[in-house]
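Visitor: I have a protein on the screen and would like to walk through its fold with someone. Could we take it topic by topic?

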Amino acid sequence: AIPLVVAINTSLAARNGMLVRDRIAMERARTLDTVVFDKTGTLTEGEQGVVDIATVDGVSEDEALALAATVEGDSEHMIAQAIREAADDRGVSRRTATDFEALKGRGVRATVDGERVYVGGPNLLSELEGGVPPALERFADRAGENAQTVVYLVREDERSESSKVRAGTKRHASREGEPVAAFALADVVREQSYRVVDALHELGLEVAMMTGDSEDVARAVADDLGIDTVFAEVLPEDKDEKITELQEQGKSVAMVGDGVNDAPALTRADIGIAIGSGTDVAVQSADIILVQNNPMDVVRLVKLSRASYRKMQ
Ligand code: ADP
Ligand code: MG
């Protein structure tokens, strides 16, 4: 009789906007303790666009944008798309670059005119071990308070003779590994995300958020949504480790995500749930797919699982 119940369950799920790839996961949903949400693209719609730019003395906004768009030329990341769009909107043309490289969860880098150039977030900066010039730090603080994501432009061999000669202009006062510009990107929280946390709490579940984004942005979004546990600045290779830590506390954990970087965590979780519009890798790693990209469907999933379990007894 159980398989029949599960089958009914699955078609019910389909009617509720869920694609069930693993029926057992559907059953497990009734015993969940914790739901961990990825931020960008899951609770939020994804980066919407560049809303502000700051530069150090001697670098113009257009120059910074042109260079950043060049380095982001090969990346499919939403941040890359937003930066390329901003450059196009301003009519600044990209330069030629080689050696494109994605630095997972950190940013990107490429070689432009023999100079190594990076675009990335706080994780990148801590790896490059350069400080942040005060003007850019103030800019980032303000953006963070507004829940805007900040990425930085870093030129590696800034002080080398060759780059001075090549550029033929006076160089600004930036140190090795220090960013010369910062971009603020505004994202929009999905309307449905506002009700998810309360609804899950009512079902007795804990809600957490995990993101590669900075601590202050994560905090601002989490406070807005009423999420109490936040894992910020988590590198992609560490996301599944966080799930394991929760499981080691005896918790049954669902992970909800959309990105390539979420795939290992989706696999590791007791239930992996992918946003339907997410990347192929995320969708393939998940047990359940939210076809309508609606985080509220996680609530429906738990309710459905509990209701069908009661029927079985
Ligand atoms: P999330 O966990 O929020 O989905 P990611 O793991 O994709 O985010 O990225 C984490 C952080 O790494 C971003 O917030 C950004 O700071 C940086 N990053 C990743 N990819 C890029 C890129 N192509 N350009 C600039 N920054 C990037
Ligand atoms: Mg994401």
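Visitor: Let's start with the contacts between residues at least 6 apart in sequence: what percentage of them join residues at least 24 apart?
Guide: In this model, which is a predicted one, 65% of the contacts between residues at least 6 apart in sequence join residues that are at least 24 apart.

Visitor: And what is it built from, in terms of helices and strands?
Guide: The protein has 14 helices and 13 strands, and of its 313 residues 47% are buried.

Visitor: How is it divided into domains?
Guide: The domain assignment gives domain 1, made of residues 2-45 together with 189-312, and domain 2, which covers 46-188. Across the boundary, 16 residues of domain 1 are in contact with 16 residues of domain 2.

Visitor: Which elements of domain 1 give two or more residues to that contact?
Guide: On the side of domain 1 that touches domain 2 these are α3, β3 (44-55) and α10 (215-225), with α10 contributing the largest share, four residues. By class, that side of domain 1 consists of six nonpolar, six polar and four charged residues.

Visitor: Now the ligand. Which residues are closest to ligand 1?
Guide: Thr40, His77, Gly107, Gly121 and Gly212 are the closest of the 25 residues that surround ligand 1. Both domains take part, since domain 1 and domain 2 each supply at least three residues of the shell.

Visitor: Which element gives the most to that shell?
Guide: That is α3, with three residues. The elements that supply at least two residues each are α3 (39-43), α5 (78-90), β5 (107-112), β6 (115-120) and β7 (149-155).

Visitor: How many of the shell residues are charged, and how many polar?
Guide: Five are charged and 14 are polar, and six nonpolar residues complete the shell around ligand 1.

Visitor: Changing topic, which residues touch the most other members of the largest nonpolar core?
Guide: That core has 51 residues, and the ones touching the most other members are Val35, Ala254, Met255, Ile273, Ala274 and Ile288. Apart from it lies another core, of 41 residues, which includes Ala82, Leu124, Ala140 and Ala182.

Visitor: What does Ile288 touch, leaving out residues up to four places away in sequence?
Guide: With those set aside, Ile288 touches Met18, Leu19, Val20, Arg21, Ala25, Met26, Ile271, Ile273 and Leu301.

Visitor: Let's look at a helix. Which residues of α11 are buried?
Guide: In α11, residues 239-248, the buried ones are Lys239, Ile243 and Leu246. Seen down the axis, they fall within an arc of 60°, so they line one face of the helix. On the other side of α11, Glu245 and Glu248 are exposed.

Visitor: What do the buried residues of α11 pack against?
Guide: They pack against β2 (34-38), β9 (206-210), β11 (253-257) and α12 (263-268). After the helix comes Gly250, which has a positive phi, near 85°.

Visitor: And α9, which of its residues are buried?
Guide: Ser193, Val196, Val197 and Leu200 are the buried residues of α9, which runs over residues 193-202. They cover an arc of only 90° around the axis, which puts them on the same side of α9. Just after this helix, Gly204 takes a positive phi of about 85°.

Visitor: Which residues other than glycine have a positive phi?
Guide: One of them is Ala147, whose phi is near 60°, and another is Asn293, with a positive phi of about 55°. Ala147 lies in the loop between α7 (134-145) and β7, while Asn293 lies in the loop between β13 (288-290) and α14 (297-312).

Visitor: Why does Ala147 count as buried?
Guide: Ala147 counts as buried because it has 22 C-beta neighbours inside 10 Å, and the cut-off for being buried is 20 or more. Asn293 has 19 other C-beta atoms within 10 Å, so it is partly exposed.

Note on methods
Residues are numbered from 1 along each chain as its sequence is written. Chains are lettered from A and ligands numbered from 1 in the order in which they are written. This is a predicted model: local features need pLDDT of at least 70, side-chain atom pairs count only at pLDDT 80 or more; totals for chains, interfaces and linings use all residues. A nonpolar core is a set of buried Ala, Val, Leu, Ile, Met, Phe, Trp, Tyr and Cys residues joined through C-beta atoms within 7 Å. A residue is buried if 20 or more other C-beta atoms lie within 10 Å of its own, exposed if 12 or fewer, and partly exposed in between; C-beta atoms are placed from the backbone. Two residues are in contact if their C-beta atoms, placed from the backbone, lie within 7 Å. The arc is that of the directions from the helix axis to the C-beta atoms. A residue is near a molecule or strand if its C-beta atom, placed from the backbone, lies within 6 Å of it. Ala, Val, Leu, Ile, Met, Phe, Trp, Tyr, Cys and Pro count as nonpolar, Asp, Glu, Lys and Arg as charged, and the others, Gly among them, as polar. Domain bounds come from an automatic or database domain assignment.
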